[in-house]
Amino acid sequence: MTLQYPPRIELARLPTPLEPLDRLSEQMGGPRIWVKRDDLTGCVASGNKIRKLEFTFAKAIEQGCDTLITCGGLQSNHCRSTAILAAKLGLKVHLVLRGSQPEGISDGNLFIDQLAGAQISYYPPREYQQHLGDILIQLQQSYADQGRKAWIIPTGASDGIGVWGYIRCCEELKADFAHHRIEPKHIVTASGSGGTQAGLTVGNILHQLNATVYGINVCDDEAYFLHKVSQDLQEWRQLYGQKIDISSLNIQVIDGYVGPAYAKATPEIFDTIKKTAQLEGLILDPVYTAKAFHGMLQELKQGRFGDSGDIVFIHTGGLFGLFAQRDQIAF
Ligand SMILES: *Cc1c(COP(=O)(O)O)cnc(C)c1O
């Protein structure tokens with residue numbers, strides 16, 4: 001079966017490597033753990049968002065837009081990727097960020113947003129939460145008044161368009177698995193806005209990976225993500241006239257690893273970051289990948305993934321967010 005993809009702008013460095021973590025796997029004594037290195041989709045525009053944005057940007061440009069509006073936390077990886085890619089393509093970008101403008105020098109993702117020349121508006125968390133939709137629409141209108149055409153990208157580029165990014169990643173995984181002669185039964189990712197999990201979940205079927213996809217949520221809860229993932233997939237189905245029955249898909253959320261809050265991690269998580277860096281030379285971030293990776297190892301110990309075979313962790317990036325929290329790590 002050949003899948004018809006919508007237009008895409010090549011922005012990511014693909015394919016990314018699939019690598020085994022042999023020392024860690026031996027220590028754990030269970031299935032062999034592999035990492036899909038989507039932290040290597042680029043240097044500064046790295047991580048998982050770029051796969052989705054390849055389709056989102058193509059759509060925005062096709063619609064004749066010259067400006068992009070998107071939103072997220074102060075240390076949003078998605079906003080940073082959008083800001084850099086917009087600069088690369090000569091588009092204007094306006095970020096709506098949750099939080100107040102830091103005094104003094106900015107760090108991590110926010111520093112890069114500024115470096116890339118993004119226009120930034122800051123909103124207190126309460127106002128952001130209650131009025132985000134209106135804020136984005138008003139901004140779009142104000143650009144229209146200036147004679148510009150702005151495209152609004154939702155949080156994390158997770159919508160019916162962005163879903164294509166990880167459907168396409170499944171095609172890559174299919175080739176990776178054949179190359180390494182493995183048949184992993186489990187694929188694990190961090191879930192923050194759900195689009196990565198949505199793409200993997202349907203891509204797993206479309207490309208016949210015969211695995212189960214698990215999203216480990218780093219905010220909200222299981223009910224929220226079951227709903228969000230299927231909503232993104234329903235939108236994808238409608239937009240592109242896809243036949244697949246979304247309610248038949250196996251959407252698996254592993255809840256219980258959010259910790260104190262979104263973007264707040266316990267010492268245990270920082271410990272996982274340190275250990276993984278030292279044992280495997282693999283750098284995780286405290287907002288997404290370390291929480292999901294830690295969750296995966298806990299579940300693995302409890303036998304959820306069996307005691308042999310292969311399991312794949314999608315490394316979704318996030319390095320710059322680690323710099324913004326480096327004072328949390330003790331040496
Ligand atoms: C956004 C993000 C995720 C979550 O992906 P979603 O598609 O939003 O669920 C995971 N890891 C990193 C590093 C991210 O920036």
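What follows is a chat about a predicted model, touching on its cysteines, a charged patch and some backbone details.

Biologist: How many disulfides does a search of the whole structure find?

Modeller: Zero, searching the whole structure. And remember this is a predicted model.

Biologist: Switching to charges. Which residues gather in a patch of negative charge on the surface?

Modeller: Asp-220, Asp-221, Glu-222 and Asp-255.

Biologist: Where does Asp-220 lie?

Modeller: In the loop between β8 (212-217) and α8 (222-239). Its relative accessible area is 48%, so Asp-220 counts as partly exposed.

Biologist: While we're on α8, what about Gln-234, where is that?

Modeller: Gln-234 sits in helix α8 itself. With a relative accessible area of 38%, Gln-234 is partly exposed.

Biologist: And how far is the C-alpha of Gln-234 from that of Asp-245?

Modeller: They're separated by 8.9 Å, with the two residues eleven apart along the chain.

Biologist: Now the backbone. Is the peptide bond from Leu-14 to Pro-15 cis or trans?

Modeller: Cis, with omega near -5°. Pro-15 belongs to the segment before β1 (18-20).

Biologist: What's phi like at Ala-157?

Modeller: Near 55°, which is a positive value in a residue other than glycine. Ala-157 is in the loop between β6 (150-152) and α6 (163-180).

Biologist: Is Ala-157 buried or exposed?

Modeller: Buried, with a relative accessible area of 0%.

Biologist: And what's phi at Ala-263?

Modeller: Ala-263 has a positive phi too, near 70°, and again the residue isn't glycine. You'll find Ala-263 in the loop between β9 (252-254) and α9 (267-280).

Biologist: How does Ala-263 count for accessibility?

Modeller: As partly exposed, at 25% relative accessibility.

Terms used
Residues are numbered from 1 along each chain as its sequence is written. This is a predicted model: local features need pLDDT of at least 70, side-chain atom pairs count only at pLDDT 80 or more; totals for chains, interfaces and linings use all residues. Side-chain values use heavy atoms; hydrogens and water are left out. A disulfide is a pair of cysteine sulfur atoms within 2.5 Å. Patches are made of residues with over 30% relative accessible area and no salt bridge: like charges are joined within 9 Å, nonpolar side chains (Val, Leu, Ile, Met, Phe, Trp, Tyr) within 5 Å. Accessible areas come from the Shrake-Rupley method with a 1.4 Å probe; for residues, only the protein chains shown count as cover. A salt bridge is a side-chain nitrogen of Lys or Arg within 4 Å of a carboxyl oxygen of Asp or Glu. Lys and Arg count as positive and Asp and Glu as negative; His and the chain ends are not counted. The place of a charge is taken as NZ of Lys, CZ of Arg, CG of Asp or CD of Glu. Helices (H or I, at least four residues) and strands (E, at least two) are DSSP runs, numbered from the N terminus. Buried means under 20% relative accessible area, exposed over 50%, partly exposed in between (1.4 Å probe, protein chains only).
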